[in-house]
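Please find below some comments on the model, arranged as numbered points.

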Amino acid sequence: MSRKGATTDAGPLLALLRGINVGGVQIAMADLRELMQGLGYENVRTHLRSGNVIFEANREAPDKAASRIEDAIGEQLKLKVPVLVRTAAELAAVVELNPLAAHVDNESRYVVMFLSKPIDPKALAELDEASYAPDRYAAGEREVYVWAPNGVSETKLSWSFWERRLGVTATGRNWKTVTRLLAMAQE
């Protein structure tokens, strides 16, 4: 996986915006694409209405792109929206790892929580996984995979849980969305 802050020419980048079009924060995808193009990004494409943007950034570091997008949303749209950016290679590694595949029988109940920084193993070690059953989780480098067999809306292992426990910014995408985003990034 490419390292935080490193520039990349390994293909497109993926911006994951947290919490848009699911509550009070509304952003039209056409407006988001226009905003991204105004920042100089190319081949800007969105997927669904939930803040998934694939784009090319001409060797810009993912973290710099995330900051620029967050700032532009704040300045132009007057909204505070956390943004995480991953490379296509990082997303491919997330899909390849898939540590809970043996347990999953419904992709809409399997979520990847993307995190703003690597997981502190000590913070993760303090959790008692059995107390969250039947839900399960597994850690990647900057992701937590969550299997919520009773539904994502029923799990305690939400993005806000991981933010509090790990001291990070987090946003989640179900497995179907993650794999579709990877396919789009590889087109």
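**Notes on the sheet, its helices and the cores**

1. In this predicted model, four strands form an open sheet in the order E6-E7-E5-E8, and their pairing is antiparallel. Strand E6 (136-139) and strand E8 (170-174) are the edge strands, and because each has a single partner strand, one side of each is left without a neighbour in the sheet. Averaged over the sheet and with direction ignored, neighbouring strands are turned by 20° against each other.

2. The pairing of E5 with E8 can be followed at residue level. Strand E5, which covers residues 110-115, runs antiparallel to E8 and is joined to it by 5 bridges, and Phe114 is placed opposite Thr171 in E8.

3. Helix H3 (residues 88-97) lies across E5 and strand E7 (143-147), with a direction at about 40° to E7, while helix H6 (residues 175-186) lies across E5, E7 and E8 and runs at about 90° to E8.

4. Is Met184 buried or exposed? Its relative accessibility is 6%, so Met184 counts as buried, the cut-off being under 20%. Leaving aside neighbours within four places in sequence, Met184 is in contact with Arg45, Thr46, His47 and Ile54. The C-alpha atoms of Met184 and Leu14 are separated by 9.9 Å, although these residues are 170 residues apart along the chain.

5. Thr177 is also found in helix H6, and with a relative accessibility of 8% Thr177 likewise counts as buried.

6. The largest nonpolar core has 23 residues, of which Leu17, Met36, Tyr41, Phe55, Ile69, Ile73 and Val85 touch the most other members. Two or more residues each are given to this core by strand E1 (13-17), helix H1 (29-38), strand E3 (52-56), helix H2 (62-77) and strand E4 (83-87), and the largest share, 5 residues, comes from H2.

7. For Val85, the residues touched, not counting those up to four places away in sequence, are Leu13, Leu14, Ala15, Phe55, Pro62, Ala65, Ala66, Ile69 and Glu90. There is also a second, separate core of 21 residues, and Ala88, Trp147, Leu181 and Leu182 are among its members.

Technical notes. Residues numbered from 1 in each chain as written. Predicted model: local features only at pLDDT ≥ 70, side-chain atom pairs only at ≥ 80, totals over all residues. Heavy atoms only, no water. Pairing = 2+ DSSP bridges. Axes fitted to C-alpha atoms, helices over the stretch in contact; angles between N-to-C directions. Contact = heavy atoms within 4.5 Å. Buried < 20%, exposed > 50% of the residue type's maximum accessible area, 1.4 Å probe, protein only. Core = buried A, V, L, I, M, F, W, Y, C linked by side-chain atoms within 4.5 Å.
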